[in-house]
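Student: Could we go through this model by asking, for each label, what value stands behind it and which cut-off it is set against?

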Amino acid sequence: MNFKKAALFAGLSLFGAGAFAMPFTVADFAMNPNIIADSINDGLGDFTEQVALAVPLGAVEQNVWADAYIGNLFPSAIPHFGGGLNVGFTKIDTSGLAKTCDVLGISGMGDNVYYPMFAADVRVGGFVLPFDFGFTFMKSGTFSIDVQDVGLDFDFMTAGFDVRYALIEGGLIMPKLSVGAGYFYNSGSFGIDSVEGAVAIDYTVHTMFLEAQVSKSFLICTPFVGVRGIVSKYESNYDWKYKGAYADQVRVVASAAGATVETQGKGSYKSDSFDFGAIQPQVYAGVGVNFLVLQATLSVSADMRNIWDKGLWSGAFSLRAKL
């Protein structure tokens, strides 16, 4: 079959199947028979990198307390501890996922998603020395958010802890100043399913961080600012496939160029270890508002390596009871 007849055959087949918009032409397959797998791997590789940057930022933002140090549990006239709920979102660059969706014939995926996250946490004051300890956990079910014309399904699990030491415990004039370290484990998935095709991505991210925070209370408000350094390692597995009549059209166009293509596949990306040469420096700030034993906290953070080109930032709101 020559190219002219093949193109005509493909065009008639597409029309009969509902005029699907093909991602590649006969000439594309003639130049690169592996163009589908190459394009999908490239797109999902980029998206996986963005997830590995954004998920740790969103996780550690779920455990931000306005007070740089909450005080000792013992000895103390009033034991210091508390806990509550956090909700927030992180901006993720999804241009790589959008590229994959285009290859699979899924239209409408945007270049950015504001990824929601929520968690429960507790913080307990230390013993004798000016320490405090924080613990965070949440496991969600499957949720769906609309990204322009695409339904994106996701779920996540987050678990972490941190410890802070007060260099300055604060007082009437002096602010509180603490340094700390922590660890987070995050796992989850993203999935898109349409008439033309589907893609599913699972991820696991391990995060370690160091931080320093200063805060000062004024009447009922406690403004704060801090810096962190994050290192992480990740693993991601993905599956993709063309579906139904659209898969048939892909085979028709590829065969016209003498190419045989797979209409489904899988792959993975991972970092073998923590990359201490690629520390993510972050700045965070916010304010806590105190109502008797309740504290509402609003915070934002920015990844300084990726805020300018990727717009990577996160925000969170927390409501806690504390003593």
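**Labels and their cut-offs**

Tutor: Ser232 has a relative accessible area of 14% and is buried, and Ser232 belongs to strand 8. Before we go on, note that this is a predicted model, in which local features need pLDDT of at least 70 and side-chain atom pairs count only at pLDDT 80 or more, while totals for chains, interfaces and linings use all residues. Residues are numbered from 1 along each chain as its sequence is written, and side-chain values use heavy atoms, with hydrogens and water left out.

Student: Why is Ser232 called buried?

Tutor: Buried means under 20% relative accessible area, exposed means over 50%, and partly exposed lies in between (1.4 Å probe, protein chains only). The value for Ser232 is 14%, so Ser232 counts as buried. Leaving aside residues up to four places away in sequence, Ser232 touches residues including Ala52, Val205, His206, Phe274 and Gln280, where contact means heavy atoms within 4.5 Å.

Student: What makes the pair of Phe89 and Tyr114 edge-to-face?

Tutor: Rings of Phe, Tyr and Trp (its six-membered ring) pair if their centres lie within 6.5 Å, and planes under 30 degrees apart count as stacked, over 60 as edge-to-face and the rest as tilted. The centres of Phe89 and Tyr114 are 5.7 Å apart and the planes stand at 75°, so the pair is edge-to-face. Phe89 is in strand 1 (residues 81–93) and Tyr114 in strand 2 (residues 112–125), 25 residues apart; helices (H or I, at least four residues) and strands (E, at least two) are DSSP runs, numbered from the N terminus. Phe89, at 32% relative accessible area, is partly exposed, and Tyr114, at 45%, counts as partly exposed.

Student: How do you know that the charged end of Arg228 sits over the ring of Tyr284?

Tutor: The charged end of Arg228 is 4.1 Å from the centre of that ring, and the label requires NZ of Lys or CZ of Arg within 6 Å of the ring centre and within 35 degrees of the ring normal.

Student: What makes Arg320 and Asp121 a salt bridge?

Tutor: A salt bridge is a side-chain nitrogen of Lys or Arg within 4 Å of a carboxyl oxygen of Asp or Glu. The N to O distance between Arg320 and Asp121 is 2.9 Å, so the pair meets this cut-off. Arg320 is in strand 12 and Asp121 in strand 2, 199 residues apart. At 1% relative accessibility Arg320 counts as buried, and at 3% so does Asp121.
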